[in-house]
Amino acid sequence: MYSPNSRAPNSPGSPGGGGMIADDVIVAENSIKMTSNTVVVFQPDQLDLSQQQQQLQGRIYQLYSIKEMGYIQQIFGSIVSNQFSTLKDFLNDTDGDKKEDLLKAFVSLSIGSGTPLRMINGFLADDFKNNADKKDVLKQSSDGSRIISLYLEKIGRKYLKDTVGPTVIQLAINNKKISFELDPSKLDPYAPEDLPRNKELLMEYTSQLINKIISKDMIDKIPVPIKSIMSQLNNFGKDNGKYFCGLFFITRFIADAVADPTRYGLVPQSRFLPHRIRKNLKAMASLLRGIMGAE
């Protein structure tokens, strides 16, 4: 029977498997209140299906019993720990939207099998090994970066609502007339004061958000899985470990949530965000990435 704490010679946590998994990764996984027998079902926030689609999905859901789904998750956990290269082979044989769907399935199954951090460790180990420029590891196109983003969409929402949420609500709901437009060609030529004012507002709101993020209260609230991912990045990054931690945390988590708050549950899907608001949020996200040298 598969145990979530097991390792094998070909696992990502062994010398032949692409990288060493530190004990704190397993401790972090075990601290998340799930077991290898947990069956996780994720329901989309705004599921709008036709009657025919609902009937089809009902048949699909009945294909496996809960017990059988538990076995599937155990098998996946065993693959993560013992044959990680199998996951990479699946991805290498998959393209386009199907690859994104496969990554989402990996994340859900890893959570159900209690191995998400070990899976992330395996992808990061592979990315760091195969990228000459280590900064490419956290680009949108890398498997490790995509896996991390998809995982954080599921486990990081409460933290984001406490940190990023208030600023997003201010911009999206309370202060709709604010503009962060910095392109002179798109500003009123008869209002030269708009450009410095917009720049000042962008800096003010971004500074407000950064101060919130680095406050002791919010640092203490960073979820254990996120701390574990940063610990992995610190180990893989070696002398530049702290830089990779900051790059990941700001560009692949905070900035992504600012740029697309609906995706991270900060704004209800039913609320329409006008163009000006979406542009403001993207401008703030761009500034955050720019501070980290990612844009």
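This is a predicted model: local features need pLDDT of at least 70, side-chain atom pairs count only at pLDDT 80 or more; totals for chains, interfaces and linings use all residues.

Residues are numbered from 1 along each chain as its sequence is written, and side-chain values use heavy atoms, with hydrogens and water left out.

Two packed helices are described by the angle between their axes and the distance between the axes. For helix α3 (residues 66-82) and helix α5 (residues 96-113), the axes come within 8 Å and cross at roughly 100 degrees. The helices α3 and α5 are therefore roughly perpendicular to each other (65 to 115 degrees). On the α3 side, Met69, Ile72, Gln73, Phe76 and Gly77 meet Phe106, Leu109, Ser110, Gly112 and Ser113 of α5, contact meaning heavy atoms within 4.5 Å.

Helix α12 spans residues 224-237. Its 14 residues reach 20 Å from the first C-alpha to the last, close to the 20 Å expected at 1.5 Å a residue (1.5 Å times one less than the number of residues). Buried residues (under 20% relative accessible area) in α12 include Pro225, Ile226, Ile229, Met230, Leu233 and Phe236. Lys238, which follows α12, has a positive phi near 55 degrees.

Asp256 lies in helix α13 (residues 241-259). Is this Asp256 buried or exposed? Asp256 is buried, because its relative accessible area is 7%. Leaving aside residues up to four places away in sequence, Asp256 touches Ser149, Thr251, Tyr264 and Arg289.

Methods. Axes are lines fitted to C-alpha atoms, for helices over the stretch in contact, and angles run from 0 to 180 degrees between N-to-C directions. Helices (H or I, at least four residues) and strands (E, at least two) are DSSP runs, numbered from the N terminus. Angles under 35 degrees count as roughly parallel, over 145 as roughly antiparallel, 65 to 115 as roughly perpendicular and the rest as oblique. Buried means under 20% relative accessible area, exposed over 50%, partly exposed in between (1.4 Å probe, protein chains only).
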